[in-house]
Amino acid sequence: MAERSAVSVVIADDEAHVLAYLRAVLHVEGFVVVGEAPDAPGAIDAVTQLRPDVAILDLNMPGGGLDAARVIASMSPETRILIHSATADEHEALALFQQGIHGYMLKGSPPDRLAEAVRAAMRGDRYLVPEIGRVAVDALATRLQAERQQELRDERDRSRLNAMIRERQFTPVFQPIVELDTRRPLAVEALARFTGLPSRTPGA
């Protein structure tokens with residue numbers, strides 16, 4: 001017997017048979033479909049008016065599922081967004097997750113996977129179709145690790161710069177710019193010389 005839930009869902013797809021499938025599966029699984037749309041503008045209107053718990057958006061519907069997802073994320077941030085696509089594309093999925101999407105699934109997924117994706121989104125988890133799950137998760141983990149390392153490097157550099165400024169480990173130098181014919185000063189170039197270690201140019 002399906003687990004009952006009060007989770008409200010808006011579904012959007014330009015294919016009537018896909019909408020019918022989503023509607024039927026979600027009903028059987030105990031979710032409540034509160035709105036439907038055939039395109040991105042319709043999906044945006046439905047979500048902003050109805051404020052559902054979850055929005056399931058066709059990636060390639062008229063108007064663009066990703067564009068709709070961006071608008072919905074800004075206008076109804078409490079709505080979890082699931083994207084469904086006809087293909088399992090690892091790079092596409094990673095790009096979508098970086099945009100804040102809660103799940104990426106395939107059209108025609110079995111009912112249990114569809115329900116699992118909705119429940120995962122409601123728990124705050126990310127759902128990724130098993131067909132690309134392992135490869136994509138590994139790639140995402142590698143990317144997140146690289147981003148974290150870059151953040152640590154940036155934080156270290158900010159701390160070092162703040163210390164140099166606080167301790168005045170620099171000296172301003174002013175270099176005149178002179179008109180050669182008259183030898184009249186026209187302007188002054190202000191430079192900085194840093195005395196802190198390690199020794200580096202101002203740009204570095």
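Q: Where does Arg-23 lie?
A: Arg-23 lies in helix 1, in a predicted model where local features need pLDDT of at least 70, side-chain atom pairs count only at pLDDT 80 or more, and totals for chains, interfaces and linings use all residues. Residues are numbered from 1 along each chain as its sequence is written, and side-chain values use heavy atoms, with hydrogens and water left out.

Q: What counts as a helix or a strand here?
A: Both are DSSP runs numbered from the N terminus: helices are H or I with at least four residues, and strands are E with at least two.

Q: Is Arg-23 buried, partly exposed or exposed?
A: Arg-23 counts as partly exposed because its relative accessibility is 35%. Buried means under 20% relative accessible area, exposed means over 50%, and partly exposed is in between, with a 1.4 Å probe and protein chains only.

Q: How far is the C-alpha atom of Arg-23 from that of Val-33?
A: These two C-alpha atoms are separated by 6.6 Å, and the residues are ten apart along the chain.

Q: What about the chain as a whole, how many helices and strands?
A: The protein chain has six helices and eight strands. From the N terminus on, their order is β-α-β-α-β-α-β-α-β-α-β-α-β-β.

Q: And how much of the chain is buried?
A: Of the 204 residues in the protein chain, 34% are buried.

Q: Which residues form a nonpolar patch on the surface?
A: The patch consists of Val-32, Val-34 and Leu-50, which together have about 220 Å² of accessible area. Patches take residues with over 30% relative accessible area and no salt bridge; nonpolar side chains (Val, Leu, Ile, Met, Phe, Trp, Tyr) are joined within 5 Å, and like charges within 9 Å. The areas come from the Shrake-Rupley method with a 1.4 Å probe, and for residues only the protein chains shown count as cover.

Q: Where is Val-34 in all this?
A: Val-34 belongs to strand 2, residues 32-37. With 37% relative accessibility, Val-34 counts as partly exposed.

Q: Changing topic: how many cavities of 30 Å³ or more are there?
A: The count is one. A cavity is a set of points, on a 1 Å grid over the protein atoms alone, where a 1.4 Å probe fits but cannot get out, and its lining residues have an atom within 4 Å of a point.

Q: How much space lies in the largest cavity?
A: About 60 Å³ lies in the largest cavity. Grid points are joined across faces, edges and corners, and the volume is the space filled by probe spheres set on the points.

Q: What lines the largest cavity?
A: Among the lining residues are Val-18, Tyr-21, Leu-22, His-84, Met-105 and Lys-107. Helix 1 (16-28) and strand 5 (103-106) each supply at least two residues of that lining, and helix 1 gives the most, with three.

Q: How does the lining of the largest cavity divide by class?
A: The lining has six nonpolar, three polar and one charged residues. Ala, Val, Leu, Ile, Met, Phe, Trp, Tyr, Cys and Pro count as nonpolar, Asp, Glu, Lys and Arg as charged, and the others, Gly among them, as polar.

Q: Which residue meets Lys-107 in a salt bridge?
A: Glu-15 does, with an N to O distance of 3.0 Å between the side chains. Glu-15 lies in the loop between strand 1 (8-12) and helix 1, and Lys-107 in the loop between strand 5 and helix 5 (111-123), so the pair ties together parts that are 92 residues apart in sequence. A salt bridge is a side-chain nitrogen of Lys or Arg within 4 Å of a carboxyl oxygen of Asp or Glu.

Q: How many salt bridges are there?
A: The count is eleven salt bridges. Another one joins Arg-70 and Asp-67, at 3.0 Å from N to O. Arg-70 and Asp-67 both lie in helix 3 (residues 65-75), three residues apart, about one turn of the helix.

Q: What about Glu-179?
A: Glu-179 forms a salt bridge with Arg-184, and their closest N and O atoms are 3.9 Å apart.

Q: Where is Arg-168, and what is its phi?
A: Arg-168 lies in the loop between helix 6 (130-166) and strand 7 (170-178). Its phi is positive, about 50°, although Arg-168 is not a glycine.

Definitions and conventions:
On a 1 Å grid over the protein atoms alone, a cavity is a set of points where a 1.4 Å probe fits but cannot get out, and a pocket is an open set with protein on both sides within 12 Å along at least five of seven lines; lining residues have an atom within 4 Å of a point.
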